[in-house]
Amino acid sequence: MDHRKPYFFVGIGGSGMMPLAMILAGQGATVAGSDRSLDSGRLPAKFDDLKQRGIALFPQDGSGITSADQIVVASAAIEATVPDMIAAERVGAARMSRAELLASLFNESATSVGVAGTSGKSTVTGMIGWIFHACGRDPTVMNGAVMKNFASPDAPFASALVGQGGSFVSEVDESDGSIALYRPQVAVLNNVSLDHKSMEELRILFGDFVAKADTAVINADDPEAIALASRASSLLTFGIDNDADLRATNLVPEPFAISFDLEADGATRRVRLGVPGRHNVSNALAALAAGMAAGLSLAESSKAIEGFVGLKRRFELVGESGGVAVIDDFGHNPDKIAATLDTLHAFPGRLLVMFQPHGYGPLKVMRRELVEMFRTKLGADDLLVLPDPVYHGGTTSREVTSADIVGDVGGTAIHIADRAAAANYLVEAAQPGDRIVLMGARDDTLSLLAAEMVAGLPA
């Protein structure tokens with residue numbers, strides 16, 4: 001892709017924007033940006049990392065957009081009234097959405113692997129990226145989460161990897177419909193369940209995604225996903241409960257790992273993952289199948305995946321004190337939260353859960369499913385606390401609130417509007433043997449809060 005023109009990212013600190021900016025800078029493009037969090041002094045380490053990559057940062061007041069030669073990149077969350085957008089209009093700068101820019105890079109790559117589905121996208125993307133890296137493919141990887149395998153003291157926010165090998169691995173987003181922009185050679189479909197859009201819309205979006213790929217990799221255990229298999233021109237399936245091209249059997253869980261027999265190509269291999277849970281076995285099968293579809297040896301890939309150490313905020317053990325563990329997790333829809341709760345309930349100990357909803361809109365869409373999931377998955381002794389949803393400004397309808405969800409769940413669920421007060425409540429309630437679980441999306445400061453909760457526990 002031609003990077004002769006400079007790029008300016010409005011909201012450069014966002015989980016979808018930052019890695020894309022990092023990739024462009026790594027490819028030699030001139031990149032600058034602004035962010036509300038930068039202006040308010042939040043998450044300074046993130047913006048220091050961007051500066052060290054040669055990315056210039058400006059206040060979000062329009063001062064960074066001064067030329068018609070700039071390409072202004074903004075996510076869907078940026079309103080037209082933001083000063084940067086007004087400045088872009090005034091100087092006549094070209095506009096691109098984050099998704100349009102990412103899809104252009106992705107579609108132009110020699111080998112493109114797109115990872116879709118309601119849950120597990122970031123983990124599967126990280127697994128595929130690590131497999132490709134370990135097998136010598138030198139991939140470029142676009143992820144929505146920090147990949148621990150590629151993080152270091154010099155690069156703590158490794159949500160992207162810039163490679164020279166011609167492979168581009170990226171998660172693709174259905175929530176804004178931008179999945180329609182991608183033309184993958186390998187399309188991975190983990191699952192299809194309610195999150196941002198109706199099931200009818202999701203079936204169309206995911207089905208079209210599968211149909212465009214040279215090879216589709218689909219979860220045989222997910223009824224909605226496998227129902228779209230007929231759209232694929234070439235198909236690889238994976239599963240645990242059902243027959244598939246790659247199947248896992250004899251799962252043996254550990255508190256922070258899991259092992260299984262991998263059955264594929266007429267052979268059985270024992271694999272041990274460094275991340276826990278049945279859902280991560282499914283994620284690993286998806287990644288291994290994607291590697292096969294891209295021409296990698298399954299023997300090499302299955303060995304490589306044992307070295308995958310996970311993502312930040314994906315069932316991440318932040319710390320332990322006084323016999324209480326604090327776990328930070330990205331769970332924010334019913335399937336993701338249920339998978340984390342199931343993984344934790346495989347071992348003894350009470351769960352103290354704080355779930356910060358990632359917006360009022362999702363609460364309205366998922367109300368019934370969230371309530372049913374919490375009623376089913378929480379143990380009799382577990383505690384659930386919901387603060388108010390994360391809010392970054394702008395206009396939003398507040399038809400369904402955290403208090404409404406708590407009222408529907410009943411039992412030991414309580415609503416504490418202020419997030420800090422909700423966290424303190426759980427810290428004070430914790431007893432030796434408990435696990436505190438902090439859940440939520442679209443708010444990077446949750447990781448900082450998790451660390452504060454560890455520090456607040458008695459020794």
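# Reading the terms against the model

User: In which strand does Val 115 lie?

Analyst: Val 115 lies in strand S6. Strands (E, at least two residues) and helices (H or I, at least four) are DSSP runs, numbered from the N terminus. The model is predicted, so local features need pLDDT of at least 70 and side-chain atom pairs count only at pLDDT 80 or more, while totals for chains, interfaces and linings use all residues. Residues are numbered from 1 along each chain as its sequence is written, and side-chain values use heavy atoms, with hydrogens and water left out.

User: Why does Val 115 count as buried?

Analyst: Buried means under 20% relative accessible area, against over 50% for exposed and partly exposed in between (1.4 Å probe, protein chains only). Val 115 has 0% relative accessibility, so it counts as buried. Not counting residues up to four places away in sequence, Val 115 touches Lys 121, Val 124, Thr 125, Ile 128, Ser 170, Glu 171, Val 172, Val 188 and Asn 190, where contact means heavy atoms within 4.5 Å. Leu 24 is 91 residues from Val 115 along the chain, and the C-alpha atoms of the two are separated by 20 Å.

User: How do you know how S13 pairs with S12 and S14?

Analyst: Strand S12 (residues 235-239) and strand S13 (residues 246-254) run parallel and are joined by two bridges; Phe 238 has Leu 246 of S13 as its bridge partner. S13 and strand S14 (residues 257-264) run antiparallel, with six bridges, and Pro 253 has Ile 258 of S14 as its partner. A hairpin through two residues joins S13 to S14.

User: What describes the packing of H12 and H13?

Analyst: Two packed helices are described by the angle between their axes and the distance between the axes. For helix H12 (residues 360-377) and helix H13 (residues 402-409) the angle is about 35° and the axes are 9 Å apart. Leu 363, Arg 367, Val 371, Phe 374 and Arg 375 of H12 meet Ser 402, Asp 404, Ile 405, Asp 408 and Val 409 of H13. By class, this contact has five nonpolar, one polar and four charged residues.

User: How do you know that the length of H15 agrees with its residue count?

Analyst: The expected span is 1.5 Å times one less than the number of residues. The 12 residues of helix H15 (residues 445-456) should span 16 Å, and the end C-alpha atoms are 17 Å apart, which agrees. Thr 445, Leu 446, Leu 449, Ala 450, Met 453 and Val 454 of H15 are buried. The buried residues of H15 pack against S16, S17, S18, H14 and S21.

User: Why is Lys 46 called buried?

Analyst: Lys 46, in helix H3 (residues 44-52), has a relative accessible area of 6%, so it is buried. Apart from neighbours within four places in sequence, Lys 46 is in contact with Gly 13, Met 18, Phe 157 and Asp 444.

User: What makes H1 mostly covered?

Analyst: Eight of the 10 residues of helix H1 (residues 17-26) are buried, among them Met 18 and Leu 24. Gly 28, with a positive phi near 100°, follows H1.

User: Why does Leu 228 count as buried?

Analyst: Leu 228, in the loop between helix H8 and S12, has 11% relative accessibility and therefore counts as buried. Its contacts beyond four places in sequence include Leu 189, Val 192 and Phe 206. Leu 189 and Leu 228 are 39 residues apart in sequence and 9.4 Å apart in space, C-alpha to C-alpha.

Note on methods: Two strands pair if DSSP finds at least two bridges between them. Axes are lines fitted to C-alpha atoms, for helices over the stretch in contact, and angles run from 0 to 180 degrees between N-to-C directions. Ala, Val, Leu, Ile, Met, Phe, Trp, Tyr, Cys and Pro count as nonpolar, Asp, Glu, Lys and Arg as charged, and the others, Gly among them, as polar.
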